[in-house]
Amino acid sequence: DQIALNITIYHNNLPVEILPAYCNWTHVGGMKYDFERKTYVEPYLPNHEIGIIHFAGKHNDKIDAIIKKELKKLLFILLWTMKLKFWIKAARLRTLPLAFSCILLSSSLVIINHIELSFKLLFLTLTTTLLLQILSNFANDYGDAIKGADKNRTGEKRMVQSGKISKLQMKLAIVIISILTLTVGLYLIFSVFHKDIFKILIFLFLGIGSIIAAIKYTLGKSA
């Protein structure tokens with residue numbers, strides 16, 4: 001059909017308009033997936049949507065491998081997105097305002113008394129508190145699941161007990177959040193006390209104690 005079409009155009013001297021590459025895309029390895037529009041587009045600006053992806057040619061095996069790779073990426077992102085809502089539930093966002101209340105109250109007193117407020121330190125303090133609260137909630141979810149405390153639970157289900165998040169995944173998340181909390185907490189301590197070693201050590205001890213307390217809240221033997 002393509003040969004017949006070309007002969008007709010050439011023989012009858014018909015007008016021809018060359019279509020852009022995205023109308024019949026042949027370079028499969030060079031395309032890009034647009035997650036907002038949920039379609040394949042050109043890899044360069046202005047990222048036109050690809051009309052037809054042409055798979056014909058001698059490199060079909062290579063093309064199949066590329067397609068499979070792209071599909072695996074999309075599947076991973078889709079599964080990760082689905083899991084995200086379970087992690088948000090496990091973080092129990094409704095508990096966060098209570099965690100912030102003391103910090104925001106003290107910051108308000110600083111402003112009312114016309115004392116200079118460091119927004120950097122405020123941000124670091126809120127972030128550390130946020131991470132500690134999430135860590136405590138993750139540990140609670142995991143601890144109650146391994147102890148069977150949520151078996152007869154009514155109302156909102158816990159993520160580990162319901163199987164939405166595996167025990168291994170939650171355990172790994174607890175380790176990651178602990179490291180993040182320690183890192184941000186150390187940055188906060190050094191930002192406040194600079195080279196005052198004595199105060200740094202005191203608050204470092206208190207910070208590590210807070211992380212341990214957040215984990216042992218339900219994971220401890222006496223919890």
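**Exercise 1.** By class, how many nonpolar, polar and charged residues does the lining of the largest pocket have?

*Solution.* This is a predicted model, where local features need pLDDT of at least 70, side-chain atom pairs count only at pLDDT 80 or more, and totals for chains, interfaces and linings use all residues. Residues are numbered from 1 along each chain as its sequence is written, and side-chain values use heavy atoms, without hydrogens and water.

Step 1: Ala, Val, Leu, Ile, Met, Phe, Trp, Tyr, Cys and Pro are nonpolar, Asp, Glu, Lys and Arg charged, and the others, Gly among them, polar.

Step 2: read off the lining, which holds twelve nonpolar, seven polar and no charged residues.

Step 3: see where they come from. α5 gives the largest share, eight residues.

**Exercise 2.** Which residues of α3 are buried, and what do they pack against?

Step 1: recall the helix repeat. An α-helix has 3.6 residues a turn, so residues three or four places apart point the same way.

Step 2: find the partner. The buried residues of α3 pack against α4 (119-147), with contact meaning heavy atoms within 4.5 Å.

**Exercise 3.** Where is the kink in α3 centred?

*Solution.* Step 1: the bend at a residue is the angle between axes fitted to the seven residues ending there and the seven starting there.

Step 1: the kink, about 30°, is centred on Cys102.

Step 2: look past the helix. His114 follows α3 and has a positive phi, near 55°.

Terms used:
Helix = DSSP H or I, 4+ residues; strand = E, 2+ residues; numbered from the N terminus.
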